[in-house]
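Subject: Handover of a structure and notes on its contents

Dear colleague,

Please find the structure below, together with its sequence. My notes on what was found in it follow.

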Amino acid sequence: MATNKLKIAFYWAASCGGCEIAVLDINEKILDVIQIADVVFWPVAMDFKYKDVENMPDKHIDVCFFNGGIRNSEQEHLAKLLRQKSKMLIAYGACAHLGGVPGLANLANKKEIFEKVYSSTFSTANSENITPKTLVHVKEGEVDIPEFYDTVKTLDQVVDVDYYVPGCPPAVERTLFAVEAIAKGELPPKGSVLAPLKSVCDECPRKKENKRISKLYRVYEKTPEPEKCLLEQGILCMGPATRGGCGARCLKADMPCTGCGGPCPNSPEQGAAMISALASILGLEDEQKYSEEEVEKLISQVKDPIGTFYMYALPASILRRKVMKE
Ligand code: SF4
Ligand code: SF4
Ligand code: SF4
């Protein structure tokens, strides 16, 4: 029976599954969603086959929420298929938006990842060095397995994307904002990130006193003073370089922002923006005051620069991936 309801779809690619749960985090508001929308494809919750999507007319789906980056050929195929079948494609969550935590695998290539996962870990016994192949012959027939790529890509590096919902996973208010904007037809221009034009610092209740620091602490090394800016207490917080819209939820739980909202609108290179903010608070703008060794000592306190500055956004950054020798 034909209805006037929106037809919506959810799909996951290189994803942890958290974004699928985030959809349910809207709790009883899901009932409002069901009033206006029918779910026509959601493999994690209902049994669908890919041919169900293939058989849909083009643009049959009104809105597809796609979470996860593109790590293998099956995910790329589904991204292209869902693009073809959807009027609106939304990159939902940091992995689809920016590559996300799985995108840190761009520090290695397929060969190195397979070596680690299938050979060199202590618990692995694989003397014949068997790794996944795209075509496997078994007695029942041939098994076709997706090709694992060298590089994790963001959704918009594979297909055209209409909107982005940031976060790892997106905060409840971001999901509701997206659903309400779609329902009311009040969406901003195509290509927009559905989040406010402000940073996490702008939303953070902690007070900044424009203090300089000389020592950085890892989270477990220091109990932060309440109400004061964590960064000014030496705890590396990505708030200055991260787009708000989450209500600074980590800061309210005494944890620093790790950057899941992605870059601020005016500084699209999130890692570089944070390095600049950190250099400023460490006083490195007055570089002539410091010897090279002193600068080196200050900077070497950041134990995992890529994991810190690009935890969610390496595939979307200008670095994109580590260049590997063949
Ligand atoms: S954005 Fe975060 S919660 Fe969502 S799939 Fe990626 S890792 Fe999981
Ligand atoms: S740096 Fe972190 S703790 Fe400080 S104001 Fe910004 S978000 Fe809050
Ligand atoms: S505070 Fe930072 S890491 Fe935490 S939810 Fe907000 S943007 Fe993400």
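A residue is called buried here if its relative accessible area is under 20%, exposed if the value is over 50%, and partly exposed in between. On that basis, 45% of the 326 residues of the chain count as buried. Please bear in mind throughout that this is a predicted model.

Overall form

The chain holds eleven helices and nine strands. Its radius of gyration is 22 Å, which agrees with the value near 20 Å that a compact globule of 326 residues would have. Along the principal axes, the C-alpha trace spans about 70 × 60 × 30 Å. Contacts between residues at least 6 apart in sequence were also examined, and 72% of them join residues at least 24 apart.

As for the surface, the chain exposes about 17,700 Å², of which carbon and sulfur atoms supply 55%.

Aromatic pairs

The count of aromatic pairs comes to eight. One of them is formed by Tyr-11 and Phe-66, whose ring centres are 5.6 Å apart with 55° between the planes, a tilted arrangement. This pair links distant parts of the chain, since Tyr-11 belongs to strand S1 (residues 6-12) and Phe-66 to strand S3 (residues 61-67), 55 residues apart. Both Tyr-11 and Phe-66 are buried.

Another tilted pair joins Phe-114 and Phe-148, at 5.2 Å centre to centre and 50° between the planes. Here too distant parts of the chain are linked: Phe-114 lies in helix H6 (residues 110-120) and Phe-148 in strand S8 (residues 148-153), 34 residues apart. Phe-114 counts as buried because its relative accessible area is 11%, and the cut-off for that class is under 20%.

Backbone features

Most residues other than glycine have a negative phi, and most peptide bonds are trans.

- A cis peptide bond, with omega of about -10°, joins Cys-168 and Pro-169. Pro-169 is placed in the loop between strand S9 (163-165) and helix H7 (172-184).
- Asn-27 is not a glycine, yet its phi is positive, near 50°. Asn-27 lies in the loop between helix H1 (18-24) and helix H2 (29-36).
- Asp-254, likewise not a glycine, has a positive phi of about 65°. The loop between helix H8 (200-203) and helix H9 (270-281) contains Asp-254. With a relative accessibility of 40%, Asp-254 counts as partly exposed.

A further residue

Where is Val-138 found, and how does its accessibility class? Val-138 is part of strand S6 (residues 135-138). Its relative accessibility is 39%, so Val-138 counts as partly exposed. Val-138 and Ala-79 are separated by 59 residues in sequence and by 29 Å in space, taken from C-alpha to C-alpha.

Yours sincerely

Notes. Residues are numbered from 1 along each chain as its sequence is written. Chains are lettered from A and ligands numbered from 1 in the order in which they are written. This is a predicted model: local features need pLDDT of at least 70, side-chain atom pairs count only at pLDDT 80 or more; totals for chains, interfaces and linings use all residues. Side-chain values use heavy atoms; hydrogens and water are left out. Helices (H or I, at least four residues) and strands (E, at least two) are DSSP runs, numbered from the N terminus. The radius of gyration is taken over C-alpha atoms; the globule rule is 2.2 Å times the number of residues to the power 0.38. Buried means under 20% relative accessible area, exposed over 50%, partly exposed in between (1.4 Å probe, protein chains only). Contact means heavy atoms within 4.5 Å. Accessible areas come from the Shrake-Rupley method with a 1.4 Å probe; for residues, only the protein chains shown count as cover. Rings of Phe, Tyr and Trp (its six-membered ring) pair if their centres lie within 6.5 Å; planes under 30 degrees apart count as stacked, over 60 as edge-to-face and the rest as tilted.
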